[in-house]
Amino acid sequence: MARKVSEGPPWEKLSGLDRSGMLGVLARFPDQCREGIAIGEQVPVDPLAGFSRAVALGMGGSGIAGDLLAHLLSVEVIPVRTYTLPRWVGEETLLLALSYSGDTEETLSAFADGLGRTRRALAVTSGGALGKLCAQRGIPWVRIPDGYQPRAALGYLLFPLLALFRGLGTFRDDLTETLAVLDEQARALGPASPGNPAQELALLLHGRVPLVYGAGPTAPVAFRWKTQINEHAKQPAFWAELPEACHNEIVGWELAGKVFPNGVVVFLRSRHDHPRVQARIEILKELLDRRGLPYLEVQGEGEGALAQMFSLLYLGDWASVYLALLNGADPTPVRPIQELKDRLGRWQ
Ligand code: F6R
C-alpha cells in the first residue's frame with residue numbers, strides 16, 4: 001500500500017490515553033491463555049460426554065470464543081447469537097453458554113430455551129445471572145476471573161474450553177507452539193518495542209475503514225479484527241469471508257473508489273490457507289491494483305495452523321489498540337454498548 005509512514009508518532013505520550021490499562025491486559029494475554037487452560041483442566045467433564053454437536057451461545061467479545069471453537073474441535077460447533085435456538089437442538093446437543101458478565105440477555109434467553117431440551121449444559125462466565133442460575137440448578141460452569149472487559153478476556157473464555165474438550169477427546173492439537181508464538185508477540189508488539197509491526201499497521205489503517213478478509217480458521221479472526229477495531233478504536237470496520245466474498249463483495253469494489261474512498265482491504269494470510277484461496281488472493285490483489293484501491297497483507301506467525309490463526313488474532317488486538325490511541329480514544333470504554341444495555345434493562 002502506497003502510504004508513507006514517516007516519523008513515528010509519540011507512542012509513549014499517546015499511551016496516556018489508555019487510562020484503563022488495555023495495553024497491560026493485552027501484554028498478559030499469553031499468561032491468560034495458560035491460566036485459562038489450568039482453569040479448564042479442573043472441570044469434571046464426565047457429565048458432558050456423549051454429545052454429537054454443540055451450540056455455543058454468546059454475544060460480542062464472549063461469542064467470538066464460539067466462532068473460534070467451531071474451527072478447533074473435531075465435533076460440530078454452531079455459534080448462536082440470538083434469543084432462541086435452532087429447532088434441531090435436542091438431547092444429543094451440548095449447550096454451551098459463553099458470557100463474560102453472565103448478564104447478557106440474548107445468551108441467558110437461549111440458555112433457558114436449551115435447558116428444556118438437553119441435560120448436557122455448561123457455562124463459562126465470571127458470575128452474574130448465568131453463574132447464579134448454574135449454581136442454583138447444579139449446572140456445571142467454568143468460573144473465570146472478573147474485572148476485565150469481555151473482549152479482553154478471550155484467554156479465559158476460550159482456553160478453559162480447549163482444556164475441557166481435550167479431556168473429552170474432541171480437541172487434539174498441541175498448543176505449545178501457539179503459546180510460544182504469543183509469548184514472542186507479547187514482547188515484540190508491546191509499547192516497549194516502538195515502531196513495531198502492530199504500530200505500523202495502526203498507522204496504515206489510521207483514517208481509513210478496514211475491510212478485513214479471512215478464510216476458514218482465519219474467518220473468525222477477520223471478524224475479531226473488525227470488532228476489536230470497532231470497540232477499541234471507536235471507528236467503523238467491516239469483514240468478510242473468502243472465498244465467499246469472491247461471489248458478491250468484490251463486485252462492490254467497482255464503485256468503491258467513489259463511494260468508499262477511505263476503505264482499505266486487509267487480507268489475513270495463513271500458510272495453511274487452501275491453495276485455491278491463495279490463488280484467489282493473488283487475483284484479488286491484481287483487481288485492486290487495477291482499480292487503484294489500497295490493500296494490506298498480514299501474514300500469520302509460526303508453523304502450525306493454530307499458531308498462524310492465533311498470531312493473526314493477537315496482532316489484530318494490538319493493532320486495534322494502537323489505532324485507538326491514534327484516534328485519540330481510550331481503548332477500554334464501550335459507552336454505546338453500555339447505554340444500550342442500560343436502556344434495554346429499563347424497557348417495558
Ligand atoms: C465488551 C464486549 C462486548 C460484550 C458483549 C456481551 O468488551 O466485548 O462485545 O462481550 O456485550 O457481553 P458478555 O460478554 O458479558 O456476555
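1. A residue counts as buried when its relative accessible area is under 20%, and as exposed when that area is over 50%, with partly exposed residues in between. By that cut-off C246, with a relative accessible area of 16%, is buried, and C33 is buried as well, at 0% relative accessibility. These values, like the others in this note, come from a predicted model.

2. On the matter of cysteine pairing, a disulfide is taken here as a pair of cysteine sulfur atoms within 2.5 Å, and by this rule the count comes to zero disulfides.

3. Helix α8, which spans residues 176–189, is 14 residues long and reaches 20 Å from its first C-alpha to its last, close to the 20 Å expected at 1.5 Å a residue. Its buried residues are T178, L179, V181, L182, Q185, A186 and L189, and because they cover an arc of only 160° around the axis, they lie on the same side of α8. As background, an α-helix has 3.6 residues a turn, so residues three or four places apart point the same way.

4. Strand β8 (residues 263–269) and strand β9 (residues 295–299) run parallel and are joined by five bridges, and V265 has Y295 as its bridge partner in β9.

5. Within helix α12 a reader may wish to look at R291, which is partly exposed at a relative accessible area of 40%. Leaving aside residues up to four places away in sequence, R291 touches W253 and E254. From D330, by contrast, R291 is separated by 39 residues in sequence and by 35 Å in space, C-alpha to C-alpha.

6. Two details of the backbone deserve a check by eye. The peptide bond that joins L242 and P243 is cis, with omega about 5°, and P243 itself lies in the loop between β7 (238–242) and α11 (256–259). K234, although it is not a glycine, has a positive phi of about 60°; K234 sits in the loop between α10 (219–233) and β7, and at 39% relative accessibility K234 counts as partly exposed.

Technical notes. Residues numbered from 1 in each chain as written. Predicted model: local features only at pLDDT ≥ 70, side-chain atom pairs only at ≥ 80, totals over all residues. Heavy atoms only, no water. Helix = DSSP H or I, 4+ residues; strand = E, 2+ residues; numbered from the N terminus. Expected span 1.5 Å × (residues − 1). Buried < 20%, exposed > 50% of the residue type's maximum accessible area, 1.4 Å probe, protein only. Arc of directions from axis to C-beta. Pairing = 2+ DSSP bridges. Contact = heavy atoms within 4.5 Å.
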